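Hi there,

Here is the structure I promised to send over. Have a look at it first, and then read on for what I found.

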Amino acid sequence: QVQLVESGGGLVQPGGSLRLSCSASGSISSVETMGWYRQAPGKQRELVAQITRFGTTNYADSVKGRATISRDNAKTMVLLQMNTLEPEDTAVYYCNADVVRFGNMKNYWGQGTQVTVSS
């Protein structure tokens, strides 16, 4: 069994910052690409940022210059630092990971963490 556990959401004022973290646990051989997605009310889930196990990153245009995604040395944790937050960043943020177990790769989602940007 694999779990992705997220933390770091909450209420932030416009212009503020937050850091989201996600840790993968379970019987894992390796974790390949990890990323963050978000879903605002009435909208489709969208990619925010992702990072491969080799450190290659990809960001949504809406967060470029404001977000930094990184991974720990063990490659099982992913961090998302977001600065200069805007009300439009309000959404449920989901961690996503491609996990290899027993020679097979499968995609997993975290349970989601609410981020609200409001004064």
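How many helices and how many strands does the protein have? The count is 0 helices and 11 strands, so please keep in mind while browsing that this is a predicted model. Read from the N terminus, the order of elements is simply β-β-β-β-β-β-β-β-β-β-β.

**Overall shape**

The C-alpha trace spans about 45 × 25 × 20 Å along its principal axes. A compact globule of 119 residues would have a radius of gyration near 14 Å, and the protein agrees with that, at 14 Å. Of the 119 residues, 40% are buried. Take the contacts between residues at least 6 apart in sequence: 55% of them join residues at least 24 apart.

In soluble globular proteins, nonpolar side chains tend to be buried together. Here the largest nonpolar core holds 31 residues, and the members that touch the most others are Trp36, Ile69, Val78, Leu80 and Tyr93. Two or more residues come from each of β1 (2-7), β3 (18-26), β4 (30-39), β5 (46-51), β7 (67-71), β8 (77-82), β9 (91-101) and β11 (113-117). The biggest share is from β9, which gives 5 residues.

Not counting residues up to four places away in sequence, Tyr93 touches Glu6, Leu20, Trp36, Tyr37, Arg38, Val48, Met82, Gly112, Thr113 and Val115.

**The disulfide**

A disulfide is a covalent bond between the sulfur atoms of two cysteines. Searching the whole structure turns up 1 disulfide. Cys22 and Cys95 form this disulfide, with their sulfur atoms 2.1 Å apart. Because Cys22 is in strand β3 and Cys95 in strand β9, the pair ties together parts that are 73 residues apart in sequence. The torsion about the S-S bond is about -80 degrees, so the disulfide is left-handed.

Are the two cysteines buried or exposed? Cys22 counts as buried, at 0% relative accessibility, and Cys95 is buried with a relative accessible area of 0%.

**Strand β11 and its partners**

Next, follow β11. One face of this strand is covered, with Thr113, Val115 and Val117, while Gln114 and Thr116 make up the uncovered face. In which sense does β11 pair with β9, parallel or antiparallel? The two pair in the antiparallel sense, over 3 bridges, and Tyr93 has Thr113 in β11 as its bridge partner. With strand β2 (residues 10-12), β11 pairs in the parallel sense, over 3 bridges. There, Val115 in β11 is the bridge partner of Gly10.

Thr113 itself, in strand β11, has a relative accessible area of 12%; buried means under 20%, so Thr113 is buried. The Thr113 side chain reaches the backbone nitrogen of Gly9 at 3.4 Å. Neighbours within four places in sequence aside, Thr113 is in contact with Glu6, Gly9, Leu20, Trp36, Ala91, Val92 and Tyr93.

**Two buried serines**

Ser21 sits in strand β3 and is buried, with a relative accessible area of 18%. What does the side chain of Ser21 make a polar contact with? The partner is the side chain of Ser7, at 2.7 Å. Beyond its neighbours within four places in sequence, Ser21 is in contact with Val5, Glu6, Ser7, Trp36, Val78 and Leu79.

Ser30 belongs to strand β4 and is buried too, its relative accessible area being 15%. The side chain of Ser30 makes a polar contact with the side chain of Glu32, at 2.9 Å. Ser30 and Asp98 are 68 residues apart along the chain, and their C-alpha atoms are separated by 8.7 Å. With neighbours within four places in sequence left aside, the contacts of Ser30 are Arg53, Asp98, Val99 and Val100.

Note on methods: Residues numbered from 1 in each chain as written. Predicted model: local features only at pLDDT ≥ 70, side-chain atom pairs only at ≥ 80, totals over all residues. Heavy atoms only, no water. Core = buried A, V, L, I, M, F, W, Y, C linked by side-chain atoms within 4.5 Å. Buried < 20%, exposed > 50% of the residue type's maximum accessible area, 1.4 Å probe, protein only. Helix = DSSP H or I, 4+ residues; strand = E, 2+ residues; numbered from the N terminus. Contact = heavy atoms within 4.5 Å. Pairing = 2+ DSSP bridges. Polar contact = N/O pair within 3.5 Å; in protein donor to acceptor, adjacent residues only side chain to side chain. Disulfide = S-S within 2.5 Å. Rg over C-alpha atoms; globule rule 2.2 N^0.38 Å.
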